[in-house]
Amino acid sequence: MQRTTATPGSSLGGARRSLPAAERCADRPAGGVAGRGRAPTARGRRARGVGVMAASTLGSAWGPLRLGVPGLCSRRPPQGLWVRARRLPEPAGSGRSVAAASGPDASGTDRYCLELLRKRDYEGYLCSLLLPAESRSSAFALRAFNVELAQVKDSVSEKTIGLMRIQFWKKTVDDIYCDNPPHQPVAIELWKAVRRHNLTKRWLMKIIDEREKNLDDKPYRNIQELEDYGENTQSSLLYLTLEILGIKDLHADHAASHIGKAQGIVTCLRATPYHGSRRRVFLPMDVCVLHGVSQEDFLRKSQDKNVRDVVYDVASQAHLHLKHARSFHKSVPVKAFPAFLQTVALEDYLKKIQKVDFDIFHPSLQQKNALLPLSLYIQSWRKRY
């Protein structure tokens, strides 16, 4: 397929380039799970077959983009939608907004988790606010647990100290399942969530183990390693969220697998400027070698075409995973859709990076989307992901 050029900010009506790297994903089995908390069964293998069939019908990864909220103007939101969306707490809000979100009976540990999410994972915080009220506090606990693990790497100067903190969380999870959690706010809330929903220990341990591997500060050797990181962290988090919502469905699991991989890839892209400021590059080495790009090119914030090609290939893989996840839309229970609202933020980033012609260091990519709360609310109201 011949490549066409586009200027930054051009129309999103067509693909900018062909997708040699992204199309390879369609040849691999869709999803990474046969069912939560169980070994793969014949039923799971059949479900993976469904994923492969869905992947084969998707075509080009970028294609005519459906980013944002499709058909927004075709249906009129209920009266007062904008007013209610504006009431969602802001990132720099006061303690009052946190208390309002958690309700009048919120405990101190619950508020601690809310505050941690509001500061460190604002997108996850907004998505959790739109979950059913009875599931919200458990979702906050899960995401706060993920934040605690994610910030270990950047909060320690030596790997040994990081390993000690990881070991603390391993022992904490063991103690939680023995009904003996330590006196730590996130641990206490996580213990409540485990008791309330009988959460699968395996997924919590997979998150911890992957964060431990990530302490090595080594770049991903290939795109598969980056996808594995997303599967073991973000997808595991989504499997647990589905358990909180009381959903056991193979199609929902496969959608969660693809969304988690897309989240892992987008997180790596978004963090590239920050990592570069600390003399680190984690983008897949095989894609860099394919385009003749060195780590030094990223450290110098090069805007060469080859550097943009690397970013394009990696971003295309994330976009393809989102398309795969949406191929299960009609089969996934509607009750599971709130767990997948983070696709709104993922698409927002992919749309912005395409508009700037895959210049990963463009200042606009570091700006927060002020309309994200409204977009999330509309997507939730329309029961889409």
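User: What makes Thr-109, Asp-110, Tyr-112, Cys-113 and Leu-116 in H5 count as meeting residues in H10?

Analyst: Contact means heavy atoms within 4.5 Å, and by that criterion these H5 residues meet Pro-185, Val-186, Ile-188, Glu-189 and Lys-192 in H10. The residues of this contact divide into six nonpolar, one polar and three charged, where Ala, Val, Leu, Ile, Met, Phe, Trp, Tyr, Cys and Pro count as nonpolar, Asp, Glu, Lys and Arg as charged, and the others, Gly among them, as polar. This is a predicted model, in which local features need pLDDT of at least 70 and side-chain atom pairs count only at pLDDT 80 or more, whereas totals for chains, interfaces and linings use all residues. Residues are numbered from 1 along each chain as its sequence is written, and side-chain values use heavy atoms, with hydrogens and water left out.

User: Why is H5 called roughly perpendicular to H10?

Analyst: Helix H5 (residues 108-120) and helix H10 (residues 185-197) pack at an angle of about 110 degrees, their axes being 8 Å apart. Because angles of 65 to 115 degrees count as roughly perpendicular (under 35 roughly parallel, over 145 roughly antiparallel, the rest oblique), H5 is roughly perpendicular to H10.

User: How do you know that helix H6 is largely enclosed by the rest of the structure?

Analyst: Buried means under 20% relative accessible area, exposed over 50%, and partly exposed in between, with a 1.4 Å probe and protein chains only. Tyr-122, Gly-124, Tyr-125, Leu-126, Cys-127, Ser-128 and Leu-129 in H6 are buried; since these are seven of the eight residues of the helix (residues 122-129), H6 is largely enclosed. Across the chain, 55% of the 385 residues count as buried.

Note on methods: Axes are lines fitted to C-alpha atoms, for helices over the stretch in contact, and angles run from 0 to 180 degrees between N-to-C directions. Helices (H or I, at least four residues) and strands (E, at least two) are DSSP runs, numbered from the N terminus.
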